[in-house]
Amino acid sequence: MTRLSSRYALMGAGVVFCLMPAGSAFAQAQSSEQQKCINAIYKAGAKIIGAVGKNFTTCVSDATDASLPGGQTTDDCLAADNGLGIGKAQTGLITASTKSCSAVPTIGPNDAAVAADAFADDPMRAGDLFGLPVDDAIVPSSLDSAGAYCQEGVVASLGKLMKAMTKEFDSCVSSGLRAGTIDSPTDVGACVGVDASGKVLRAVQKTQLNIDKRCPGLMVADYFPGACAAEPLSNLAACSADLLDCGICLTMLAAGGVTADCDALDNGQDDNSCGPDWPATPEEYVAGPTAYISDVQVPTIVNDEPTCCRDFGTISRDFIEDGTDKRDNALARLADSLSGIGFDLEALLNEAIQDGSVSLLLDHPGLDTMSLPEDELALTALTSEWTNGTDYSTASAGTGQFLIERGSFVPGKGEPLSVFYPSMFDEGVDGLQAGPSTLNFPIPFGIVLLDLPIASVNITGDSTVLPAGIQYDNGAVSGYLLVDSFYTALNQLLDSPLCDCLGHTQSLYYQDEEGAWTSQGRCVSMAADKCPEETESICVTLGGDGGLSSPPQVCTLLPVVIEGAADIDLNNNPSYYEGFSAGFNFSAVPATVVGVTP
């Protein structure tokens, strides 16, 4: 990790840079109840970060004194709690969410369990400061009292600095929500690194004074051989502040509902200092060990509960209406219901995989399988095409070759659309833990694929490293689809030239005065006669009013089915559920990426 300069080192006395977020015209302001939830989670998250900082200080102090508990290494101690309050603070966040989140926000964290884990997951960037393993850098006070005194003091000061940074972030978010200038994930992300009061700069300066006092004449590389090793002692506080900026930024991304360029934010440069360093174009994207999703399984329903994948808690229909805590998977429930009329969603999905219509890769750019375990990495989800003679037989055997589709990238860039960062990877059971992020997943409707954005996606799986790449067993993908996104995709298909045969002049699915989706009065009669071609059958199915004919025509029935299946309440108004939970299992085998589609 190279840090050519620090934004804190460039801030002169009395000069404070304040970045205030600008609102998005396409976003939605949060209600007072949603604001209350966001503020409560971030306030509780700050307490978790404070507990992590206390643990960091205590672990280093105990390590220098050779008094770590139970034979722990410094790294073991940092990964534990040792009764210092991290677990208690995490429980506090869950409690705060239950008490304050009567209306779930559409920006910022919306899953308390995910947020609680994220705030506890190394926001202090200990490995960046000391290098990995941290234990190798710690000096015993019995051999080097001056060095131990220096390390203990620096870590204690950084804990206070992190507290100042977190407080400024929380204040920025709270005031921006109140003023109505924060109404998108990007706006929340713009609060990372803000120093409107100048308190962060003063905390950096105070940290440097403490460093000068406790570490006179010492070489940074000898005692902090990580990302700041090449810095002079006079710049250690500023460089360390960059590390903390990175830690806060990654923490907020992992907690969910935030968009930010952490790499540029921590030191103002695109230098891979924090987070993935994406290339300028898709052609320059370098795939890491890659896995191809070779089959999917739609979970079954046992004793009225899906066998996979996730419980969304207080925002789920079963909790709201029945007071239960079952797994939420409207996709599995819908598939179970449709199986009664001969519609096999799992078979359709796998047919699309087997004929190459759906070809999804999980890529691990930069993962070095020879130096596991890996602390964190970026997992990307990429759509692809078979190439060089690959068919399903070779692809499912782990010997397939693939071209990444250009649609997998942000237009004009080499940054994938679906990125899970940071993700945790190791071999074995639950070896992959990725999310939350957004995943565009193609769902087959006849000969057409609808690319539907699944939000708040978590991906897990049992991982095996093979010579050819990564294999996953017992994989699971879970998230939710916004009902609005589903109907938007349907209308885009029906309004495309493919379905001109229907002769309709306005979108068939629309929202009534209360915001519920309907098709009343707009479904097309005699659709099968108007669209006789096989390629037009999907238009007949989604736009016709012929009921259970052949092909089936679901325009009239579909809104009723979807409204009955939707099960995620995002605005504290359970008279209408805005989300449709979705989860499925998967298996994946090694894959070889040979390029990008023309």
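Predicted model: local features only at pLDDT ≥ 70, side-chain atom pairs only at ≥ 80, totals over all residues.

Biologist: Are cysteine 499 and cysteine 539 buried or exposed?

Modeller: Buried means under 20% relative accessible area, exposed means over 50%, and partly exposed is in between (1.4 Å probe, protein chains only). Going by that, cysteine 499 and cysteine 539 are both buried.

Biologist: How far apart in the chain are the parts that this pair links?

Modeller: A disulfide joins cysteine 499 to cysteine 539, S to S 2.0 Å, where a disulfide is a pair of cysteine sulfur atoms within 2.5 Å. The elements here are DSSP runs numbered from the N terminus: helices are H or I with at least four residues, strands are E with at least two. Cysteine 499 sits in the loop between helix H16 (483-494) and strand E11 (510-511), and cysteine 539 in helix H18 (residues 537-543); these distant parts of the chain are 40 residues apart.

Biologist: Which handedness does the disulfide of cysteine 499 and cysteine 539 have?

Modeller: Look at the torsion about its S-S bond, which is about -80 degrees. That makes the disulfide of cysteine 499 and cysteine 539 left-handed.

Biologist: How many disulfides are there by this rule?

Modeller: A disulfide is a covalent bond between the sulfur atoms of two cysteines. One of them pairs cysteine 172 with cysteine 191, the sulfur atoms being 2.1 Å apart. By the distance rule, the count comes to 11 disulfides.

Biologist: What is the relative accessibility of cysteine 191?

Modeller: Its partner, cysteine 172, is in helix H6 (residues 145-179), and cysteine 191 is in the loop between helix H7 (185-189) and helix H8 (199-214), so the pair ties together parts 19 residues apart in sequence. Cysteine 172 counts as buried at 4% relative accessibility. Cysteine 191 counts as buried too, and its value is 1%.

Biologist: What is the torsion about the S-S bond of cysteine 228 and cysteine 239?

Modeller: A disulfide joins these two, S to S 2.1 Å. Cysteine 228 is in the loop between helix H9 (220-223) and helix H10 (236-255), and cysteine 239 is in helix H10, so the pair ties together parts 11 residues apart in sequence. The disulfide is left-handed, because the torsion is about -95 degrees.

Biologist: Where is the cis peptide bond that involves cysteine 309?

Modeller: Cysteine 309 is placed in the loop between strand E3 (305-306) and helix H12 (317-322). Omega is near 25 degrees for the cis bond, which runs from cysteine 308 to cysteine 309.

Biologist: What is the phi of asparagine 303?

Modeller: Asparagine 303 is in the loop between strand E2 (301-302) and E3, and it is exposed, with a relative accessible area of 73%. It is not a glycine, yet its phi is positive, at about 55 degrees.

Biologist: And where is alanine 66 placed?

Modeller: Alanine 66 also isn't a glycine and has a positive phi of about 55 degrees. It is exposed, with a relative accessible area of 71%. Its place is the loop between helix H1 (32-64) and helix H2 (74-79).

Technical notes:
Residues numbered from 1 in each chain as written. Heavy atoms only, no water.
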